[in-house]
Amino acid sequence: MDTKKGMHPVNTTLRLQNIRRLMREGDVSVDAYVVPSEDQHSSEYLAECDSRRAYISGFNGSAGCAIVTLTEAYLFTDGRYFLQAEKQLDSNWTLMKQGLPDVPTWQEFLYKKLPKNSKIGVDATLIAAQDAESLHKHLEPNGSKLVSVTKNLVDEVWSDRPARRLNPVIHLDEKYSGQSSADKIAKVREEMKKKKAKAMVVTMLDEVAWLFNLRGSDIDFNPVFFSYAVVTENKVSLFVNANQLDQGAHKYLDGVTDLHPYEEFLPTLNELAGGLQLDKENPIWVGDRASLAVTEAIGKDRYLIARSPLNDLKAIKNATELEGFRQSHIRDGVALARYFAWLEEQLENGVVLNESQGADQLRNFRSELDLFKGLSFETISSTGPNGAVIHYSPDPEDCAVIKKDQIYLCDSGGQYLDGTTDVTRTWHFGTPTKAEKNAFTRVLQGHIAIDTAVFPTGTTGFVIDSWARRHLWQDGLDYRHGTGHGVGHFLNVHEGPHGVGVRIAYNAVPLKAGMTLSNEPGYYEDGQYGVRLENIVLVKDVKLANNFANKGFLGFESVTMCPMHKKLMDMELLNVNEKKWVDDYHAQVWEKVSPLLKHDKRALEWLRRETAPL
């Protein structure tokens, strides 16, 4: 598919002509057609065959929604992707910058901007049931309505659509997962009882993988496999292509769950709902990201839509998983030290390297590490202006050469049997400008503010987000993304339900001991450079001299082990405590990573220099 990488627009004229032809046909006959980013599991990262929004628009960022009318085409996305979308969309598209004043969300657009009595086509397997319910209420006064279109119109016009992957599914040993599948199922049933739910429908791929201690590779960078699950009071059903399960997975599941073909999920759910004596008081519980097709299969007034309990259970890591995060990040630090030392030497020697070659070398270093299973996302290896594109990824055929006199931003991560890593560092291999040092130092101060935060139990990530921005705000600067996201354990690198950011949803989920978070403030000077500093932290209980109202207090333990670039720090801006934090952090990195670098003298000497006290 020609939307995979790179920042060039794709000509979508023919694609839009074909989809509009189908929209006008008698059996469809809609005035607008919605193409969301997600697949039938509401996944953020997609299998190539499910990248419908990317195919129809040419924009391949992980968040956004396309709306095609009979005459216009609109792409809605958030601030992380404005620059990328501007570069990738051709002249057929209008970019709708969500979050800016007077720009509607895609949902608001449907009921505020489209003409009255509009018929809006959707694929019921791709639109969230909650979105559909809310839209129905808002569209009704206009005489407009959602129309479930049986065939996906993008699939109909996508002539070279790739086949769905059916890769092997393995059992993740409990020496890594720390908890049996039977124990997890029992905890889900406890949560079901609290809601008087007769069944729990699991539609998110990472939740299914977590529940059964299984991992796959049907989607790049995400150790998941296409599946659904249903848990009732006395039975568990897994809907999966059984041929994908390896011998170990089959053996582990024996006696834990019934197996059903993946394609039979919706008809079987419909059948189950018919036999369970359901009502509003005793419903089937579906997660808040389940599709309209799922609730339609269950039937009106027979389901409850609420955040999936698996989301919350999975978010709080057990002791085995937390130790896995620590160990995988120490090993990951070895690859990072080897890469940055190698890159510095190459540039010093005048070797010409492009961003993609840098990313490939970093992957090579990671692939030599114990328990490595792949990358956790596409490496963001970006020099100069490309660093200002928040979710940039270099096109191997056409990307910039890494320059000594430009800031270099590298955001990367690995998947290991014992954990998932995600780390960003910003370097300058020449002489940084005063503005670059100022921006870097302000971002560093925000990073330190989060890392050293102590707060009472019950505090949310929404509340502490401003601590990461305060120093930037003092200079009139800011950034258009969240400060932190949850991280899966050998699972998706982005995980909910918690996070640190200005999204109001984060205010509904208090931070709890055992949660994992990224700490990644940044600053982006469009057309010049980007700065981001990201560590993964574990939420932990903190014992203090006092304990107001016996609430208990929490703080963070940083597990990422890679130096912060001292050359980019403006020492006049850092206070005594911040300088001490840098020295203490660097001492920890040296202590944990240096013993594993005996085989690479260049990296060891680089690490010695980069972690030396200020």
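Trainee: Which residues does the UniProt annotation "domain: Peptidase M24 C-terminal" cover?

Mentor: This is a predicted model, and the annotation comes from the UniProt record, an unreviewed entry. The record places the domain at residues 552-614.

Trainee: Is helix 14 parallel, antiparallel, perpendicular or oblique to helix 15?

Mentor: Helix 14 (residues 319-348) packs on helix 15 (residues 355-367) with axes 8 Å apart and an angle of about 140°. Roughly antiparallel would need an angle over 145 degrees, and roughly perpendicular covers 65 to 115. Therefore helix 14 is, relative to helix 15, oblique.

Trainee: How many residues of the contact of helix 14 with helix 15 are charged?

Mentor: Helix 14 contributes Asp-332, Ala-335, Leu-336, Arg-338, Tyr-339 and Trp-342. From helix 15 come Gly-358, Ala-359, Gln-361, Leu-362, Phe-365 and Arg-366. Seven of these residues are nonpolar and two are polar. The charged ones number three.

Trainee: What is the bridge partner of Ser-518 in strand 27?

Mentor: Strand 24 and strand 27 (residues 535-542) run antiparallel and are joined by four bridges. In strand 27, the residue bridged to Ser-518 is Ile-536.

Terms used:
Residues are numbered from 1 along each chain as its sequence is written. This is a predicted model: local features need pLDDT of at least 70, side-chain atom pairs count only at pLDDT 80 or more; totals for chains, interfaces and linings use all residues. Side-chain values use heavy atoms; hydrogens and water are left out. Axes are lines fitted to C-alpha atoms, for helices over the stretch in contact, and angles run from 0 to 180 degrees between N-to-C directions. Helices (H or I, at least four residues) and strands (E, at least two) are DSSP runs, numbered from the N terminus. Angles under 35 degrees count as roughly parallel, over 145 as roughly antiparallel, 65 to 115 as roughly perpendicular and the rest as oblique. Contact means heavy atoms within 4.5 Å. Ala, Val, Leu, Ile, Met, Phe, Trp, Tyr, Cys and Pro count as nonpolar, Asp, Glu, Lys and Arg as charged, and the others, Gly among them, as polar. Two strands pair if DSSP finds at least two bridges between them. UniProt positions are given in the numbering used here, feature names are shortened, and annotations may be inferred rather than shown by experiment.
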